[in-house]
Each structure stands twice: as structure tokens, then as C-alpha cells.
Amino acid sequence: MVSLGCPKNLVDSERILTKLRSDGYAMSADYAGADVVLVNTCGFLDSAKEESLEAIGEAIAENGRVIVTGCMGKQAEVIRARFPNVLAVTGAHQYEEVVGAVHDAAPMPPNAFLNLVPEGGLKLTPRHYSYLKISEGCNHRCSFCIIPALRGDLVSRRPDAILREAEKLVEAGTKELLVISQDTSAYGVDIRKEPRMWKGAEVVPHMTDLARELGKIAPWVRLHYVYPYPHVDQVIPLMAEGLILPYLDIPFQHAAPSVLRTMRRPANEAKVLERIHKWREIAPDITIRSTFVVGFPGETEADFQYLLDWLDEAQLDRVGAFRFEPVEGAAANDLPGAVPEEVKEERYARIMAKTAAISAAKLQAKVGRTLEVIIDEVDGDGANARSQADAPEIDGTVFLRDAGHLKQGDIVKVEIEDADEHDLYGAPLA
């Protein structure tokens, strides 16, 4: 399995592998040992599509028997034009189709062992953290995005099914649940009037209710991809109570009202600043991570400076930035005012310098504090860990000394001794 793209794709890969394992298939660590290769593609940006096509090409060159699934499955003709020998092409979260294609390409011999799948399913992440997908698709029509065309409108999972999966993951060793979807804050809008029984009580399909119940199951619960609806305010008290991690991943994308309007995003950035200040009053340790697009069509120097000034005010903890890239099928491609590539690069460098300085100051303020961390890796006498402010893969690391006695998945208290722009350094408390 070659799994590309976002954590939502990773969950799709895990589901496919879990079904295949229950059917008796085993995974190969390399191309040579595989009867068939699955490539789960990403199709969000042209650069991601090219990476997916390169991965398909490598798999064909190394093995020759390749099944393609994922977001690029919507463009089967592009894939087949370049690689006519692929065995099958299926779309995103078409689990039955891809499993069926594997059965056709590599039929299982009779009497396969069917009892070798762990209760929590097969995972592509370390044992101590798991992504938990709560819905598919998205109802928004942002001008730069083609996700609804790839994955359809929002379809929420039943809350009892989500909570049952969370319990199984925790029983299998998960300490941190990373809640993901295209729009976590929209969870349940399609099934709002369909509460489900869980542990003798009704659970309403709503982000706040779901977060509260998940907080009773796992030690750490982290919310990703949250659109800033007003009801997001309701989860902040859960963070103050310690039920879920004081962490919000909100892709604001920009701050200048004119750019937000052309992006088809909420344009009341002043209200957002007020809410951020209130969130920090309720949960002082809250970490807010976000992503921004620079060089969007029509973005002026004044718009960009507005964004930099907004960041000075917002003081976001973790920020990623992207240069605008046209995506085939996106409405933004037809907008006037294309920004030259050299201007995009210059603005990208400026926003990264700005956010790095904010991050460095915020991390420096943590020196001398005692923080709770989760251990990701132990190597000799040292360990790599993450604080509650750090999601895996995308945020910082807490590098620990004198930590050889710890093990992966431990949640321990550490004293922070030093910091740089993105990471912390410290030692476990005796």
C-alpha cells in the first residue's frame, strides 16, 4: 500500500487494509513481495496529482500490478492515458470497489485465515495515536477547493458508531484520538435529528456532544479541520475542564475581507479576533493552529499587509502557509488579478518569517514550565515527544534528555529547559 495525501486518505487506507486483512490478505513491506500494489492518491493540488502519478509510475516500474484508488480516481482517464496497464481505478472512499479489484487481481486461495485482524483494525500510524474520521465530504464551496467534487457533500457517521470505534482503538492501545473530517464543526448537520443511544443515554450528532463523549474514552482528544462556526465556542469549556485537548486546528486561509469574499470564506475577521481572545480567557493554554494561502488571485499588497497585521493581533501558535496554486476544476482559476510567482514567493517568505517569530516567542515563554507530553519515540537515553500543543507530523517536537526509561505512548510530565522557533527541549520530572 502506498498512501498519499492527508490523514483522511490515511484512514481510508486503514479501512481498506483492515477489510483485506480480514479477507486473509497479508501486507508486503516492499514491491517485490507483493502480488498487487495499491496506490491511494491525492488530487487536491496539481503538485499532489503529479506526486500521485509519480507514485503510480514507480509502482508499475517496480511491480507492474497496480490498483489506483483515492481522490485522483475521479480522473481515471488521466491515469489510464499515462498508465494504460493499471488493473483498476476507483474513487475516494469506494471501499467495496477497491477490495473487489484486489480480489480480482490476486484471488485468495481457499481456507484463508480470517481471525488475524486486531479488534481496532489495521493501522498505518503508531499504536499510541489514531485518526478518527467522523464524516465524509463537505457542504462548502470555497472557490479554491474541489473537495466536494472529489468526495461529495457532507455525510456524517452515526455518533454511536464513532464512539464504538473510539473504544476499540483505545482498548488496542491508542492514547490520543485525532478527530478528522473535511469540516469537523459541521458534523451532524445532515443527521441532527437522529440521536443515538450510547451507554444508556442519547448522544446528539453534534461536534460538542461528540467531543464530550470522546473525552470520556481517550486520555487525549484533538480536534482538526474546524470551520469557525459560532457553536465552536461551546467546545472551549470542554478544554478548560480537561475533557479534550486545548487545541483547535482552524484553516482561516486569509484575513483580508476582500480576499475572504473571493475565496467564499467567512469575512468577519474582527469577530474572529474577539472570539480568539475569549477562548484564551476560558482556556489560557489553548493552542490555535491554522493555514493561510498567499498570492490568491486579486490579493493586493494592502491585503497581504492586512493579513500580517491580523497575525500580529491573533498571535496564532502554529501556522502553515501555501502559495496559491490553480487546481483543475476550481472556480478560483477564473478569477482576475493573478499574482506573479515572484510576488507569491516574496509574500510566502514574509509570512513564514512573521509566524516563526511569533512561534519562537510563544515557545520561549514555556521555558521553565512543567508540561504534559506523549512519548512518540525513545532512542537510547533520549526521546521525542509532543506536548498537548503539538499534533503529529505537522507541529513541533519536545526533545527530551534522560528519558531512556520511558516507552512509546507514555504520557508524562516534563520540565521545559529550552526552546527554538518550532520545538521545545526538556527532561522528565523525577
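**Ground rules.** I number residues from 1 along each chain as its sequence is written. The model is predicted, so I take local features only at pLDDT of at least 70 and side-chain atom pairs only at pLDDT 80 or more, while totals for chains, interfaces and linings use all residues, and side-chain values use heavy atoms, with hydrogens and water left out.

**Confidence.** I looked up pLDDT, the predictor's confidence in each residue, from 0 to 100. The chain averages 91, and 96% of its residues reach 70 or more. I took helices (H or I, at least four residues) and strands (E, at least two) as DSSP runs, numbered from the N terminus. Among these elements, helix H5 (residues 147-151) has the lowest mean pLDDT, 83. Strand E17 (residues 398-400) has the highest, 98.

**Cavity.** I searched a 1 Å grid over the protein atoms alone for cavities, sets of points where a 1.4 Å probe fits but cannot get out; lining residues have an atom within 4 Å of a point. Points are joined across faces, edges and corners, and a volume is the space filled by probe spheres set on them. I found two cavities of 30 Å³ or more.

**Helix H6.** I checked the length of H6 (residues 159-171). The expected span is 1.5 Å times one less than the number of residues. For its 13 residues that gives 18 Å, and the end C-alpha atoms are 18 Å apart, which agrees. Pro159, Asp160, Ile162, Leu163, Ala166 and Leu169 of H6 are buried (under 20% relative accessible area; exposed is over 50%, partly exposed in between; 1.4 Å probe, protein chains only). Their cover includes strands E5 and E8 and helix H7. Just after H6, Gly173 takes a positive phi of about 120°.

**Positive phi elsewhere.** Most residues other than glycine have a negative phi. Gln253 has phi near 75°, in the loop between strand E12 and helix H9. Gln253 counts as buried because its relative accessibility is 10%. Arg264 has phi near 65°, in the loop between H9 and helix H10. At 49% relative accessibility, Arg264 counts as partly exposed.

Note on methods
1 Å grid on protein atoms, 1.4 Å probe; cavity = no way out; pocket = protein on both sides within 12 Å on 5 of 7 lines; lining within 4 Å. Contact = heavy atoms within 4.5 Å.
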